[in-house]
Amino acid sequence: MSVIIDDTCITCDACLQNCPVNAIVDDSHNPTGESRYYVQPEKCVECVGIYDDPQCAAICPSIGCISWDLTYTKDNEAHFMENDLYAISKTANGKVKSPSLREKKYRNDIPNEMRGVGKEVQEEPEEMNEAG
Ligand code: SF4
Ligand code: SF4
């Protein structure tokens, strides 16, 4: 990971349709039980190698809804494994797909200080000055 969807999600389905690796599930399949769409951090690759920017955030109409989360790497094992915001899926033989089992690609150009709750991927457009 990844990116994370917050409770301003209006369940419009756009991000799910736009994710190139099928990392997003809808509100009825959110494994945490919350009534919003959910990015599976164990699947999200931050669109690395496919697009220049996260396609989920690019299309989301609820600006600010999608934030940069910590990287899905061993250093952040506790963040993803000991947090009610996530419910990490298991492999066919029952192993949790934790960061230590399976690290994911992430955007090197997004430093740690730009990651965390409220660190929006898509920013509000700057107000346009009125012409004339
Ligand atoms: S950042 Fe890319 S890979 Fe991750 S959930 Fe969004 S669209 Fe999918
Ligand atoms: S595009 Fe945004 S508002 Fe729509 S379902 Fe995804 S996160 Fe929610």
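**Core, fold and ligands**

Tutor: Val3, Ile5, Ile24, Val39, Cys56 and Ile66 touch the most other members of the largest nonpolar core, which has 18 residues. A nonpolar core is a set of buried Ala, Val, Leu, Ile, Met, Phe, Trp, Tyr and Cys residues joined through C-beta atoms within 7 Å. Buried takes 20 or more other C-beta atoms within 10 Å of a residue's own, exposed 12 or fewer, and partly exposed lies in between, with C-beta atoms placed from the backbone. This is a predicted model: local features need pLDDT of at least 70, side-chain atom pairs count only at pLDDT 80 or more, and totals for chains, interfaces and linings use all residues. Residues are numbered from 1 along each chain as its sequence is written, while chains are lettered from A and ligands numbered from 1 in the order in which they are written.

Student: Which element gives the most to this core?

Tutor: Elements here are DSSP runs numbered from the N terminus: helices (H or I, at least four residues) and strands (E, at least two). Two or more core residues come from each of β1 (3-5), β3 (38-39), α2 (55-59) and β4 (66-68). With 3 residues, the top contributor is β1.

Student: In what order do the elements of the chain run?

Tutor: The chain has 3 helices and 4 strands. From the N terminus, the order is β-α-β-β-α-β-α.

Student: Which residues is Val39 in contact with, leaving aside neighbours within four places in sequence?

Tutor: Contact means C-beta atoms, placed from the backbone, within 7 Å. Val39 is one of the core residues that touch the most other members. Its contacts beyond those neighbours are Ser2, Val3, Ile4, Ile5, Ala23, Ile24 and Cys44.

Student: Which residues come closest to ligand 1?

Tutor: Near means a C-beta atom, placed from the backbone, within 6 Å. By that test, 14 residues surround ligand 1. The closest are Cys19, Cys44, Cys47, Pro54 and Cys56.

Student: And which come nearest to ligand 2?

Tutor: There are 15 residues around ligand 2. Nearest are Cys9, Cys12, Ala14, Cys15 and Cys60.

Student: Is Asp84 buried or exposed?

Tutor: Asp84 sits in the segment after α3 (77-81). Its C-alpha atom is separated by 26 Å from that of Val48, 36 residues apart along the chain. Asp84 has 8 C-beta neighbours inside 10 Å, so it counts as exposed.

Methods:
Contact = placed C-beta atoms within 7 Å.
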